Amino acid sequence: MVSKDKASAAEVEIVVSREAAEVEAQAKEVKAVQADAQKDLDEALPALDAAMTALNSLSKGDITEVKSFAKPPEKVQMTMEAVCILLGHKPDWDSAKKLLGMPDFMEQLVKYDKDNIDPSCITKVQPLYDDPSFDPEIIKKASTAAMGICKWIRAMVVYDKVAKEVGPKREKLQKLRDSIREADSARVLLQDRLHTEQEQLETVMKKLAELQAICRRVTGMLAKPDVTVS
């Protein structure tokens, strides 16, 4: 009985140790995935913050200046074509002027649904983004407003790229967290079982010790010689 209880407790202890090791390994993986995802976000968020700052610094006069071009400079044209694409308009100057004339034009940029950009829009904007001359500092020479809008466009492209990479990592992270919770719950149950097994073993060992003590006393009594009365 004692040997069986000892074996049972030892088996449970082994399982608990294995489960604990697995949880620890998963926790390390969670930290690695978190760090990887944060690295991606650290790439996108500064560009996004800079774009929002640039947009907020633009005045109605800046927008009017861009709209007033009868024939816009090449870099301004390039910038507005990209904006038209992202906002779902035909990428030409006529469409751009109409867009600039909308009272909520800036609000459309600020509240743009960057988490659900149409992939076809990114595909169309990508060649402009990749053009070395599509640089805010270069475009600034032609128009301050176009520079701010250029920053916004570049931030949207970067954010979309990062979002596509971070999304799967977030899903993996959630699965790992769920797995850890399940494994941790199972480990707690096993620890409770181990505690119960150990208590039962201690009870048996205590009874065995009492029984052995009784056996020793009985054996001692039987070993004494009979006393003869004279």
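The largest pocket of the predicted model has a volume of about 190 Å³. A pocket is defined on a 1 Å grid over the protein atoms alone, as an open set of points with protein on both sides within 12 Å along at least five of seven lines, where a 1.4 Å probe fits. Its volume is the space filled by probe spheres set on the points, which are joined across faces, edges and corners. Lining residues, those with an atom within 4 Å of a point, are Ser59, Lys60, Ile63, Thr64, Lys67, Leu100, Gly101, Met102, Pro103, Phe105 and Met106. Two or more of these residues come from each of helix H2 (60-67), helix H4 (93-101) and helix H5 (105-110). H2 makes the largest contribution to the lining, with 4 residues. By class, 6 lining residues are nonpolar, 3 are polar and 2 are charged; Ala, Val, Leu, Ile, Met, Phe, Trp, Tyr, Cys and Pro count as nonpolar, Asp, Glu, Lys and Arg as charged, and the others, Gly among them, as polar.

The model is predicted, with local features requiring pLDDT of at least 70 and side-chain atom pairs counted only at pLDDT 80 or more, whereas totals for chains, interfaces and linings use all residues. Residues are numbered from 1 along each chain as its sequence is written, and side-chain values use heavy atoms, with hydrogens and water left out. The mean pLDDT (the predictor's confidence in each residue, from 0 to 100) is 75 for the protein chain, and 52% of the residues score at least 70.

The protein chain contains 8 helices and 0 strands, in the order α-α-α-α-α-α-α-α along the sequence. Helices (H or I, at least four residues) and strands (E, at least two) are DSSP runs, numbered from the N terminus. Of the 230 residues, 36% count as buried; buried means under 20% relative accessible area, exposed over 50%, and partly exposed in between, with a 1.4 Å probe and protein chains only.

H3 is mostly covered, with 10 of its 13 residues buried: Lys75, Val76, Met78, Thr79, Met80, Ala82, Val83, Cys84, Ile85 and Leu86. Leu86, which lies in H3, has a relative accessible area of 4% and is therefore buried. Its C-alpha atom is separated by 9.2 Å from that of Tyr112, 26 residues apart along the chain. H3 is followed by Gly88, which has a positive phi, near 80 degrees. Pro91 is placed in the loop between H3 and H4 and counts as partly exposed, because its relative accessibility is 39%. The C-alpha atoms of Pro91 and Thr79 are 9.9 Å apart, with the two residues 12 apart along the chain.

The largest nonpolar core has 43 residues, and those with the most contacts inside it are Met80, Val83, Leu86, Phe105, Trp152 and Ile153. Such a core is a set of buried Ala, Val, Leu, Ile, Met, Phe, Trp, Tyr and Cys residues joined through side-chain atoms within 4.5 Å. At least two residues of this core are supplied by each of H1, H2, H3, H4, H5, helix H6 (119-130) and helix H8 (144-223). H8 provides the largest share, 12 residues.

Met156 is found in H8 and is buried, because its relative accessible area is 2%. Met156 and Ile122 are 34 residues apart in sequence, with 8.9 Å between their C-alpha atoms. Ala50, in H1, has a relative accessibility of 33% and so counts as partly exposed. Ala50 and Lys151 are 101 residues apart in sequence, and their C-alpha atoms are 7.3 Å apart in space.
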